[in-house]
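Subject: Structure for you to look at

Hello,

Here is the structure I promised to send. Please open it and keep it on screen while you read my notes below.

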Amino acid sequence: MPFDPERFLAQMARLHERGARLFKFVDRTFNLRGTTSEAILRFFLGRIEAAPDDPVYAHFELIPDRLPERLRTLIARFPPGTLQLEIGIQTWNPEVQALISRRQDNEKAERNLAWLRAHTHAHLHVDLIAGLPGEDLASFAAGFDRLHALGPQEIQIGVLKRLRGAPIARHAEAFGMRFNPSPPYNVLATDRMPFATVQRIARFARHWDLVANSGRFRATLPVLLGLAAEAGDGAATGGARFERFLAFSEWLAARTGDGAPPSAERLFEAVHAWLRSAGHCDDELADELLAADYAASGLHGRPAFMRRGLRGPAGGRGALKRQSRFAGASAGGAAAAGEVGSHFHKVV
């Protein structure tokens, strides 16, 4: 049966009237049907503009190299905290893309991501997948750095999973791919990534979620990644950002174990200890950055480095100014997104 946009939007209007405010679309080809996509975006914009104090939060999945001007114009109209875009890059490696039959124009994808960060308030959630056939650690690290340089608010790192009947199975023998026989059927090793390497990346992903994707370390993260502290951008290339965080991840695992994640307070203390012990920045800068991040996170209590008489949330005007330089405009949008998502109904 053909898709009827008018009937669909009428049902969406009924949900909105009944109080639904969080709408998540799981169609990964959302931006391929221009007319329908425009109608859906206009639907949400109409509700947001009619009642800005009672906004909708909409989540869409996009193909990264398809962003026509008509969609750009509409996406740019969404205010902060009302739109999240989930974008699958998976890999930047053209040879790997060819193996998995992924047709992606990397240059267009890169330009589209850069445009979205520069000209919209959309919260970007972009993914990479480790363990694809033909990709080694160096290639994955370079791809991570390339993506991180574009500045998405979240980078989700996933480990390849094999679903029943999925075409990835045709590469298993040629590329030495071994999968977990039990759910979630994740790849355990390939000929380019031995078991230990896959485990390192999985651990990296967990720690990246805690530190970077959580939004709690906006001021500190550039220093943690080896970027220029004052500029918040820097020129680290060729996997350097990935390698820097990987070193921290392995140090953190040795300190806290691979069990339950550390509490927020313990995590702040661990980041502080890493920055000081590894000589990544001077003590005063580490104190200021982490005190600012802790204050901005809204957490209660005082980590050990604050209890020792170092700068705390009340005395951090300089640190807060430094944080604002790192966070830029994205901090407000991410904070608003978290606030909106906290009290709205979820409709999938």
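How many of the eight residues of β4 are buried, and what does that say about the strand? Eight of the eight are buried, so β4 is largely enclosed by the rest of the structure. Keep in mind that this is a predicted model.

Start with the strand itself. β4 covers residues 123-130, and histidine 123 lies in it. In a regular strand, side chains alternate between the two faces of the sheet. Now look at β4. His123, His125, Asp127 and Ile129 point one way. Leu124, Val126, Leu128 and Ala130 point the other way. Residues on both sides are buried.

Next, the neighbours. Strand β3 (residues 83-90) runs parallel to β4, and six bridges join the two. Find glycine 88: it stands opposite aspartate 127 of β4. Strand β5 (residues 154-159) also pairs with β4. Here too the strands run parallel, with six bridges. Valine 126 has isoleucine 155 in β5 as its bridge partner.

How do you get from β4 to β5? Helix α6 (residues 137-148) belongs to that stretch: β4, α6 and β5 make a right-handed β-α-β unit.

Last, zoom in on histidine 123. Why does it count as buried? Its relative accessibility is 9%, and buried means under 20%, so histidine 123 qualifies. Its side chain also has a partner. A polar contact of 2.8 Å joins it to the side chain of glutamate 154.

Best wishes

Technical notes
Residues are numbered from 1 along each chain as its sequence is written. This is a predicted model: local features need pLDDT of at least 70, side-chain atom pairs count only at pLDDT 80 or more; totals for chains, interfaces and linings use all residues. Side-chain values use heavy atoms; hydrogens and water are left out. Helices (H or I, at least four residues) and strands (E, at least two) are DSSP runs, numbered from the N terminus. Buried means under 20% relative accessible area, exposed over 50%, partly exposed in between (1.4 Å probe, protein chains only). A polar contact is a pair of N or O atoms within 3.5 Å; within protein, one must be able to donate a hydrogen and the other to accept it, and residues adjacent in sequence count only if both atoms are side-chain atoms. Two strands pair if DSSP finds at least two bridges between them. A crossover is right-handed if, with the strands pointing away from the viewer, the path from the first strand over the helix to the second runs clockwise.
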